[in-house]
Amino acid sequence: MEPAAAKLIAAGIAIGLGAIGSGIGEGLIAGRALEAMGRNPEQSDKLLTNMIVAMAIDESTAIYSLVVALIILFAF
Amino acid sequence: MSSLADLKLAPDVLFNVGPVPVTNTMTSAFAVSILLIIFALFVRRNAGIVPSRLQVFVELGIDLFMSKLVMILGSEKEARKYFPLIFTFFIFILVANQFTLIPFVQTIVTEEGLTFFKTPTAHYSLPIALALIAFFAWNFIPFIMAPFRFLGNFIKLGVFTRIRSIKDVPMALLDFMLGIMDIISEGARLISLPTRLFGNLVAGELIIAIISGLFFYTQFFVPIPMIILSILSGLVQAFVFALLTLLFLSTNVRNVKNHN
């Protein structure tokens, strides 16, 4: 295989597989937070803040794989 | 038509000041700082007992953030102490993320055809610098408050003094190892905090660049939803950076204060 082709495939696999887990996680976080907001609407301000922070932490694994993919594409 | 090979992460070097190369992300970071300083001085000069519209807007933003700080830190006094640092992070990253959206900013070019301004947070150096400041804040403030207690949270020699019988030894060793693990997690925080900001911003920029570079007719209306998405993620990331710094700071300070 040509190195350039291998690079593209590797970058695609890195970001594609890396995004699965964090996608599932973010869906769970948003779903549970919305459920809680529906049950307890006066708490929704507090919940929204916590939800965004939790989502950002959860997202970081996807961001790591994005950075790895970018390094594969641009730095090698 | 630009292709994937034309995209790059490194900023363009505009000119050199001595041995220091000045890049276009640096110029825009400076421009953002100067803009914010001028804005703050302007608001401060015109501030009065009867507030103007602008002053009401600024005070609303400050109050909103202050209430978050009070909620997390627990008291107004504590919140006032850490408010300048956290709010500066928030407002600087907020403006820096959206800086290139100001009309005509990206059309300023130098003689070599390089753009003079580029989103400063889309280069790794600025998020790392900000995260280092935050890292020193959340480690140094509790360290000054109580040096031995703070170090004791990481190197838990105290657990060995509580050993009464041979049965307690494994638990003490486990506690000690957990303390060592906390040092590693501090390092992971230092890596993940800037990577999150950088990754989000650079992903937004790259998606817009790739979509507008696909075909001739995708340059006009197709990138607009992506631009809206990247504006949103820029807002959220500014908030998250400030809030995570605050959370790490408040947990470390609380650990030092409530040590038994």
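Predicted model: local features only at pLDDT ≥ 70, side-chain atom pairs only at ≥ 80, totals over all residues.
**Aromatic pairs**

Over all chains, a search of the whole structure finds 15 aromatic pairs. Rings of Phe, Tyr and Trp (its six-membered ring) pair if their centres lie within 6.5 Å, and planes under 30 degrees apart count as stacked, over 60 as edge-to-face and the rest as tilted. Two of the pairs are set out here.

| Pair | Centre to centre | Angle between planes | Type |
|---|---|---|---|
| B:Phe65 and B:Phe87 | 5.4 Å | 65 degrees | edge-to-face |
| B:Phe90 and B:Phe239 | 6.3 Å | 80 degrees | edge-to-face |

The pair of B:Phe65, in helix H2 (residues 53-73) of chain B, and B:Phe87, in helix H3 (residues 76-97) of chain B, links distant parts of the chain, 22 residues apart. Helices (H or I, at least four residues) and strands (E, at least two) are DSSP runs, numbered from the N terminus. B:Phe90 lies in helix H3 of chain B and B:Phe239 in helix H8 (residues 224-257) of chain B, so this pair ties together parts that are 149 residues apart in sequence.

Buried means under 20% relative accessible area, exposed over 50%, and partly exposed in between (1.4 Å probe, protein chains only). By that rule B:Phe65 is buried at 6% relative accessibility, B:Phe87 is buried at 15%, B:Phe90 is buried at 14%, and B:Phe239 is buried at 16%.

**The nonpolar core**

A nonpolar core is a set of buried Ala, Val, Leu, Ile, Met, Phe, Trp, Tyr and Cys residues joined through side-chain atoms within 4.5 Å. The largest one has 53 residues, and those with the most contacts inside it are B:Phe65, B:Leu69 and B:Phe241. Two or more residues of this core come from each of H2 of chain A and, in chain B, H1, H2, H3, H4, helix H7 (168-214) and H8. H8(B) gives the largest share, eleven residues.

**The largest pocket**

On a 1 Å grid over the protein atoms alone, a pocket is an open set of points where a 1.4 Å probe fits, with protein on both sides within 12 Å along at least five of seven lines, and lining residues have an atom within 4 Å of a point. The largest pocket holds about 1300 Å³ of space, where grid points are joined across faces, edges and corners and a volume is the space filled by probe spheres set on the points. Of its 41 lining residues, B:Ile62, B:Phe87, B:Phe90, B:Ile91 and B:Leu94 are the closest to the centre. Helix H2 (44-75) of chain A gives two or more residues to this lining, as do helix H1 (24-45), H2, H3 and helix H4 (125-145) of chain B.

**Other residues of chain B**

B:Ala203 lies in helix H7 of chain B and is buried at 18% relative accessibility. B:Ser75, in the loop between H2 and H3 of chain B, is partly exposed at 27%.

Definitions and conventions: Residues numbered from 1 in each chain as written. Chains lettered and ligands numbered in written order. Heavy atoms only, no water.
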